[in-house]
Amino acid sequence: MSSIKILAIETSCDETSIAIVENGTNVLALTTNTQISTHAKYGGVVPEVASRMHAENITIVLNETLEKADLKIEDMDAIAVTYGPGLLGSLLVGVNFAKTLAYIYKKPLLAVNHLIGHIYANNIENKLEFPLLTLIVSGGHTELLYMSEDYNFKLLGETLDDAIGESYDKVAKVLGVPYPGGPIIEKLAKQGIDSYKLPLPVNDGTYNFSYSGLKSSVLNLVNKEKMHGREIRKEDLACSFQKVAISEICLKVNQALQEYNVKQLVVAGGVSANQYLKEELVKVCQQYNTEVTIPSLIYCTDNAAMIGAAAYYLYQNKIYANLDIDACSYLNICE
Ligand code: KG4
Ligand code: ZN
């Protein structure tokens with residue numbers, strides 16, 4: 001079998017990440033430099049700070065990755081980069097860096113959609129089996145899609161307002177938990193009991209999601225408790241919130257499994273790191289004999305290995321990007 005090595009670059013948000021991925025599945029090296037501790041001071045990602053830090057770190061991350069794999073840029077078959085969606089300034093650092101490398105070293109450039117990257121993160125450890133349903137749950141997206149084959153996406157539904165990760169982060173803020181709130185809310189929820197009453201998701205028959213109502217209910221509840229001078233039991237509220245947030249996901253997945261006969265449910269995006277989500281999805285999928293695949297933690301959140309995994313299809317099909325390609329902050333998965 002031939003060895004195709006792709007150098008992949010991911011800078012769409014607050015992680016500067018570079019990987020070398022062989023044949024789309026074998027991660028030869030991965031370096032992810034996270035800016036979380038810097039942004040945590042401001043309670044969220046500051047775009048200007050993020051792009052500046054990417055610019056400062058990207059060559060360091062590249063050199064570290066090449067060293068780990070004991071390879072040179074000359075050994076690469078292509079350069080892949082996330083070109084959207086994400087923060088424009090952050091994306092531009094990665095895109096311009098990738099273009100420069102592709103131009104100087106005369107390598108094909110592969111432009112990867114960040115969301116497709118999250119889906120293909122699952123191909124690194126567990127081969128994608130079609131047809132499948134894929135659930136993208138991140139800080140910016142909540143989408144349910146059907147895939148009949150590689151790179152063939154049919155959008156079934158998406159969030160009409162906030163993304164699920166965003167709702168975790170906003171509830172965290174209300175509870176005074178530092179950014180990014182998702183993992184901490186999950187930890188608190190484990191120690192709590194579901195004792196606060198929050199409105200359950202409505203079964204509207206579509207595959208769309210909505211999280212702003214749940215977020216407002218949490219906010220109203222906290223304000224009301226404060227007004228009455230009652231202390232909020234953070235663990236319990238985290239538990240009640242998480243239960244409702246994830247029951248909405250399970251409701252829609254269950255509905256989709258009734259309509260589509262699929263081999264796998266492929267979960268993607270930062271929220272797929274959530275253990276409770278995994279347990280609940282497994283329960284739903286067991287009824288339909290459908291396998292649930294979720295990447296390991298390092299491939300769940302933003303990383304360049306997933307970009308290398310998604311780029312392999314583009315390389316095989318010679319879907320090369322021009323050197324004048326632009327970064328796109330808004331980008332649909334079906335484009
Ligand atoms: O995919 P990702 O790393 O970045 C985006 O492309 O958005 O996802 C980040 C999101 C954040 O909202 C974060 O709070 C959430 O994923 N997240 C979690 C967990 N780990 C990360 N949410 C719930 N439970 C977790 N364990
Ligand atoms: Zn992401």
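This is a predicted model: local features need pLDDT of at least 70, side-chain atom pairs count only at pLDDT 80 or more; totals for chains, interfaces and linings use all residues.
Trainee: How many residues of domain 1 are in contact with domain 2?

Mentor: Contact requires heavy atoms within 4.5 Å. On that criterion, 18 residues of domain 1 are in contact with 20 residues of domain 2.

Trainee: Which residues lie nearest the centre of the largest pocket, and how many line it?

Mentor: The lining comprises 49 residues, and Cys13, Gly139, Gly140, Asp169 and Tyr179 lie nearest the centre. The space in this pocket is about 1600 Å³. Helix 6 gives the largest share of the lining, seven residues. By class, 20 lining residues are nonpolar, 21 are polar and eight are charged.

Trainee: What is the peptide bond between Tyr179 and Pro180 called, and what is its omega?

Mentor: That bond is cis, with omega about -10°. Pro180 is placed in the loop between helix 6 and helix 7. The bond from Gly84 to Pro85 is also cis, with omega near -10°, and Pro85 is in the loop between strand 4 and helix 3.

Trainee: How do you know what span is expected of helix 3?

Mentor: The expected span is 1.5 Å times one less than the number of residues. Helix 3 (residues 88–105) has 18 residues, for which 26 Å is expected; the helix reaches 25 Å from its first C-alpha to its last, which is close to that value. Its buried residues, among them Leu91, Phe97 and Lys99, pack against strand 1 (5–10), strand 2 (15–22), helix 2 (47–69), strand 4 (78–84) and strand 5 (109–113). Helix 3 is followed by Lys106, whose phi is positive, near 55°.

Trainee: Why is Asn289 called exposed?

Mentor: A residue is exposed when its relative accessible area is over 50%. Asn289 has 73%, and is therefore exposed. Asn289 is in the loop between helix 10 (275–286) and strand 10 (291–293), and has a positive phi of about 60° although it is not a glycine.

Trainee: Is Lys318 buried or exposed, and what makes it so?

Mentor: Its relative accessibility is 60%, so Lys318 counts as exposed. Lys318 lies in the segment after helix 12 (305–316), and its phi is positive, near 50°.

Methods:
Residues are numbered from 1 along each chain as its sequence is written. Chains are lettered from A and ligands numbered from 1 in the order in which they are written. Side-chain values use heavy atoms; hydrogens and water are left out. On a 1 Å grid over the protein atoms alone, a cavity is a set of points where a 1.4 Å probe fits but cannot get out, and a pocket is an open set with protein on both sides within 12 Å along at least five of seven lines; lining residues have an atom within 4 Å of a point. Grid points are joined across faces, edges and corners, and a volume is the space filled by probe spheres set on the points. Helices (H or I, at least four residues) and strands (E, at least two) are DSSP runs, numbered from the N terminus. Ala, Val, Leu, Ile, Met, Phe, Trp, Tyr, Cys and Pro count as nonpolar, Asp, Glu, Lys and Arg as charged, and the others, Gly among them, as polar. Buried means under 20% relative accessible area, exposed over 50%, partly exposed in between (1.4 Å probe, protein chains only).
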